Amino acid sequence: DDFFATVAEKSDGAKLRGDYSKIDAQYVVAQDWDAYTPEQHALWRRLYQRQAKLIPGRACDVFIESLELLNIGDGIPKFEESSELLFKATGWRLVAVPGLVPDHTFFEHLANRRFPVTVWLRDPEEFDYIVEPDVFHDFFGHVPLLFNPIFADHLQEYGKGALKAMKLDGLSMLARLYWYTVEFGLIQSPEGLRVYGAGILSSGGEIEYCLSNPAPLRLPFNVERVMRTLYKIDSYQETYFVINDFQQLFNDTAPDFTPIYQKLKALETLPANALLSGESNLAV
Ligand code: HBI
Ligand code: FE
């Protein structure tokens with residue numbers, strides 16, 4: 001179908017990573033925790049320890065607090081155990097998936113407060129960079145944020161909105177919103193700028209770069225601006241969008257986007273490094 005034409009069989013003909021032979025109708029599989037090798041748990045520990053050192057003073061508070069609660073430093077976590085903790089906190093559950101799932105399936109999970117977590121771990125040679133999300137990115141990067149009730153509600157609403165957007169031809173715009181918030185978002189705190197985007201939190205290099213390097217733009221979050229902005233998938237971001245708090249993210253993305261899609265389709269997209277007249281880059 002569409003998914004296996006565009007994603008599972010990527011444009012270069014390469015197969016999507018992961019074992020899709022045992023999926024159910026929602027692409028859910030068993031995690032099969034016993035199948036992870038000691039080497040894989042050791043690789044997880046190395047990834048965890050590298051990131052844990054970079055987190056203080058850079059990740060937002062809820063990330064740091066949830067990470068402590070989750071206690072996942074010793075090896076690849078058991079999804080079911082973490083899922084119980086998460087359910088008690090915000091009513092979300094984790095489900096295991098083989099890897100990337102079709103857009104519609106992904107959004108169906110989010111709309112029902114289920115977060116899909118990839119089961120496979122990268123190879124040691126991929127310590128610093130992977131193309132498709134693995135269990136370290138999905139779990140370490142995304143799961144701690146879901147303990148914040150407002151962020152958790154936002155992501156569910158995002159899933160519902162995305163299901164609607166698919167019918168309105170607005171998916172590319174909603175994908176940009178996801179990219180610049182859930183994956184690469186920055187947030188203000190009383191102590192200064194902090195990271196809440198999972199793509200940054202699971203990255204050994206970008207977590208420092210996004211906060212300290214003078215090169216990228218840091219712009220105040222604005223829904224329409226974000227939805228018009230193209231993004232880079234194979235380099236550090238050229239622009240980061242900064243929210244004041246998670247309530248702003250929830251409120252600003254709560255309205256029906258139907259008129260916004262109409263309006264934005266008539267406008268040109270913006271390159272990833274655009275700075276429009278009247279916009280001010282936040283100094284670091
Ligand atoms: N599947 N497992 C998984 N994880 C994702 O982040 C994901 C996906 N399928 C589609 C998808 N993301 C995109 O459509 C969103 O990033 C917008
Ligand atoms: Fe992600």
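Predicted model: local features only at pLDDT ≥ 70, side-chain atom pairs only at ≥ 80, totals over all residues.
Helices here are DSSP runs of H or I with at least four residues, numbered from the N terminus.

Phenylalanine 140 sits in helix H6, which spans residues 135–142. Setting aside residues up to four places away in sequence, phenylalanine 140 touches Tyr48, Gln51, Leu201 and Ser202. Tryptophan 92 lies 48 residues from phenylalanine 140 along the chain, and their C-alpha atoms are 16 Å apart.

| Helix pair | Axis angle | Axis distance |
|---|---|---|
| H7 and H12 | about 25° | 9 Å |
| H5 and H7 | roughly 145° | within 7 Å |

Helix H12 covers residues 246–253. Angles under 35 degrees count as roughly parallel, so H7 and H12 are roughly parallel to each other. H7 passes H12 in a left-handed crossing. From H7, Ile150, Phe151, Asp153, His154, Glu157 and Tyr158 meet Phe246, Gln247, Leu249, Phe250 and Thr253 of H12. Sorted by class, this contact has six nonpolar, three polar and two charged residues.

Helix H5 takes in residues 103–111, and the crossing of H5 and H7 is left-handed. H5 brings Asp103, His104, Phe107, Glu108, Leu110 and Ala111 to the contact, while H7 supplies Leu155, Gln156, Tyr158, Gly159, Lys160, Ala162, Leu163 and Met166. By class, the contact of H5 with H7 has eight nonpolar, three polar and three charged residues.

Technical notes: Residues numbered from 1 in each chain as written. Chains lettered and ligands numbered in written order. Axes fitted to C-alpha atoms, helices over the stretch in contact; angles between N-to-C directions. Helix = DSSP H or I, 4+ residues; strand = E, 2+ residues; numbered from the N terminus. Parallel < 35°, antiparallel > 145°, perpendicular 65-115°, else oblique. Left-handed = near helix turned anticlockwise from the far one by under 90°. Contact = placed C-beta atoms within 7 Å. Nonpolar A, V, L, I, M, F, W, Y, C, P; charged D, E, K, R; others polar.
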